[in-house]
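Please look over the structure shown below before reading the report that follows it. The text takes up aromatic pairs, then the sheet, then the pockets.

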Amino acid sequence: MRKISTAGTAVLASLVMVALTGCAGGGTSEEPSANQLLDDANAAMSDLRSVTIETATKVTGGEDRSSHLVTDLKATCAYRTTTASGARLDQIRIDGADYIRPTRTHMEESGRKVAGKGEQRLWIKELSSESKPGGELSDCTHEFTSFGKATKGGSSEIDGVPAVVLKVPDKENKGEFGFHVATEGKPYILEVVYKDATWHNTTSFSAFDEPLDVRPPDKGDVVDASGIG
């Protein structure tokens, strides 16, 4: 039997290693950067056909508030906003119309008079085109973008889903965004936490691409103001 020299053994081992590396996909690949992970997450969120968005905002020296939005991210949604005082505003946007129902507390805090003593239960119908940008109503959309250089933080878990935390500084207000991006399945943004000296805001995302169940209120509970003005 022919004896293989030590040098020949080394060469053979090297060839085996090269072959194994080739079978494994041509070598190790670099991990994506924090910015790439965030770009992929924003792209995945922008492709959604429906989502539920919940916010909780704490304001130093101001009034805390929360909101709940179920939306197709285009023109159909159900929205609710509530303040720490108990003032609440409900909105349904569907088929080019807004159905708006403020509570008695909301109306009183807005300087409007409310007849009677019970809770205000009627919805006011208005055209969506009459809604003013920057007002209290939702336009059903949400922009998935981020600005600044992202860095990788630690890992987290949101409702049982593992995630990586991507941090983006807000230099103008000396604050910071923390994007919790799913590391299993599609890279959806599960939660965004923002903190500065005044604001502490948590925005949570769920029900990705689930069927949207948004309907107008019963006609008997609606005051139609869409033709007024």
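## Aromatic pairs

The count of aromatic pairs comes to four, where rings of Phe, Tyr and Trp (its six-membered ring) pair if their centres lie within 6.5 Å, and planes under 30 degrees apart count as stacked, over 60 as edge-to-face and the rest as tilted. In one of these, the ring centres of Phe 144 and Phe 205 are 5.8 Å apart and the planes stand at 55°, so the pair is tilted. This pair links distant parts of the chain, since Phe 144 sits in the loop between E6 and E7 while Phe 205 belongs to strand E11, 61 residues apart.

The model is predicted, so local features need pLDDT of at least 70 and side-chain atom pairs count only at pLDDT 80 or more, whereas totals for chains, interfaces and linings use all residues. Residues are numbered from 1 along each chain as its sequence is written, and side-chain values use heavy atoms, with hydrogens and water left out.

## The sheet

Helices (H or I, at least four residues) and strands (E, at least two) are DSSP runs numbered from the N terminus, and two strands pair if DSSP finds at least two bridges between them. On these terms, 12 strands form an open sheet of mixed pairing, in the order E7-E8-E9-E10-E11-E1-E2-E3-E4-E5-E6-E12. Strand E7 (151–158) and strand E12 (222–224) stand at the edges with a single partner strand each, so one side of each is left without a neighbour in the sheet. From one strand to the next, the twist averages 20°; axes are lines fitted to C-alpha atoms, for helices over the stretch in contact, and angles run from 0 to 180 degrees between N-to-C directions. Helix H2 (residues 34–46) lies across E7, E8, E9, E10 and E11 and runs at about 110° to E8, contact meaning heavy atoms within 4.5 Å.

E1 and E2 pair in the antiparallel sense over seven bridges, with Glu 54 opposite His 68 in E2. Five residues lie between these strands in their hairpin, where Gly 61 takes a positive phi near 75°. E2 and E3 likewise pair antiparallel over seven bridges, and Arg 65 stands opposite Thr 83 in E3. The hairpin of E2 and E3 has five residues between the strands, and Leu 73 in the turn has a positive phi of about 65°. Further along the sheet order, E5 and E6 run antiparallel and are joined by four bridges, Lys 125 in E6 being the bridge partner of Tyr 99.

## The pockets

On a 1 Å grid over the protein atoms alone, a cavity is a set of points where a 1.4 Å probe fits but cannot get out, whereas a pocket is an open set with protein on both sides within 12 Å along at least five of seven lines, and lining residues have an atom within 4 Å of a point. Grid points are joined across faces, edges and corners, and a volume is the space filled by probe spheres set on the points.

| Pocket | Volume |
|---|---|
| Largest pocket | about 930 Å³ |
| Second largest pocket | about 450 Å³ |

The largest pocket is lined by 34 residues, and Ile 53, Thr 55, His 142, Asn 201 and Thr 203 lie nearest its centre. The second largest pocket is lined by 17 residues, of which Ile 100, Glu 126, Glu 130, Ser 131 and Leu 137 are the closest to its centre. E6 gives the most to the lining of the second largest pocket, with three residues.
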